[in-house]
Amino acid sequence: MDMIELKYRICMSCGSKCCRRFDYKTWYVQLNLHDIARIANGLREDVYDIVRKYVKILNHGKYIILTLKAVEGRCIFLTDRGCSIHSFKPIACRTYPVYIPGTYLDPECPLSRYPELLEEEIRNVEQYMREFYETRKILEEESPEKPEDIAKLVTKYIIRRS
Ligand code: SF4
Ligand code: SF4
């Protein structure tokens with residue numbers, strides 16, 4: 001069995017635990033502005049519609065955090081067949097179970113017992129960090145409040161510049 005097959009089997013037998021534990025205190029999937037642009041592109045939908053339908057804005061005092069919405073603790077993109085946006089899922093999902101800055105594995109995840117399977121997730125940490133700090137700077141400077149504000153930032157800083 002190759003590594004991809006083994007990973008797939010481990011995730012299937014785990015039942016997507018990491019996609020079912022959203023409580024917005026101890027667990028959520030943080031989004032950056034690039035993630036939102038990629039999801040809009042992948043679903044071929046307007047950026048504003050994506051933000052309105054799928055993005056939750058958390059105000060953590062000093063910081064605004066963008067996260068995926070969930071329904072009864074399940075990520076809004078989780079289906080019976082797994083992640084419905086797998087090929088363009090958020091970079092946070094593409095690094096998990098590697099925690100930033102890349103030196104700690106979430107013991108809740110069965111894959112953490114197989115670090116040799118996590119090369120791709122470890123490689124993705126650099127992209128995560130770059131996009132995280134860029135987004136944080138923009139959110140601090142612009143202080144968006146509403147979905148339309150977030151959509152405007154995605155268009156201004158990510159789509160128009162790419
Ligand atoms: S990444 Fe870990 S917690 Fe998530 S589905 Fe796979 S094995 Fe389960
Ligand atoms: S986007 Fe996909 S991988 Fe990420 S939490 Fe949602 S269902 Fe899981």
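**Close-up views of a predicted model**

View 1. Helices (H or I, at least four residues) and strands (E, at least two) are DSSP runs, numbered from the N terminus. This is a predicted model, in which local features need pLDDT of at least 70 and side-chain atom pairs count only at pLDDT 80 or more, while totals for chains, interfaces and linings use all residues. Residues are numbered from 1 along each chain as its sequence is written, and chains are lettered from A and ligands numbered from 1 in the order in which they are written.

**View 2. Cys75 and its contacts.** Leaving aside residues up to four places away in sequence, Cys75 touches Cys19, Phe22, Val29, Leu68 and Ala70. Contact requires C-beta atoms, placed from the backbone, within 7 Å.

**View 3. The surroundings of ligand 2.** Cys75 also belongs to the shell of ligand 2, together with residues including Cys19, Val29, Leu68, Phe77 and Cys93. A residue counts as near the ligand if its C-beta atom, placed from the backbone, lies within 6 Å of it. The shell has ten nonpolar residues, no polar residue and one charged residue. Here Ala, Val, Leu, Ile, Met, Phe, Trp, Tyr, Cys and Pro count as nonpolar, Asp, Glu, Lys and Arg as charged, and the others, Gly among them, as polar.

View 4. Ligand 1 has around it Ile10, Cys11, Cys14, Ser16, Lys17, Cys18, Tyr96, Pro97, Cys109, Pro110 and Leu111. By class, nine are nonpolar, one is polar and one is charged.

**View 5. Strand β3 and its partners.** Strands pair if DSSP finds at least two bridges between them. Strand β1 (residues 30–31) runs antiparallel to β3 and is joined to it by two bridges, with Gln30 opposite Thr67. Strand β2 (residues 55–60) pairs with β3 in the antiparallel sense over six bridges, and Val55 stands opposite Leu68.

Technical notes:
Two residues are in contact if their C-beta atoms, placed from the backbone, lie within 7 Å.
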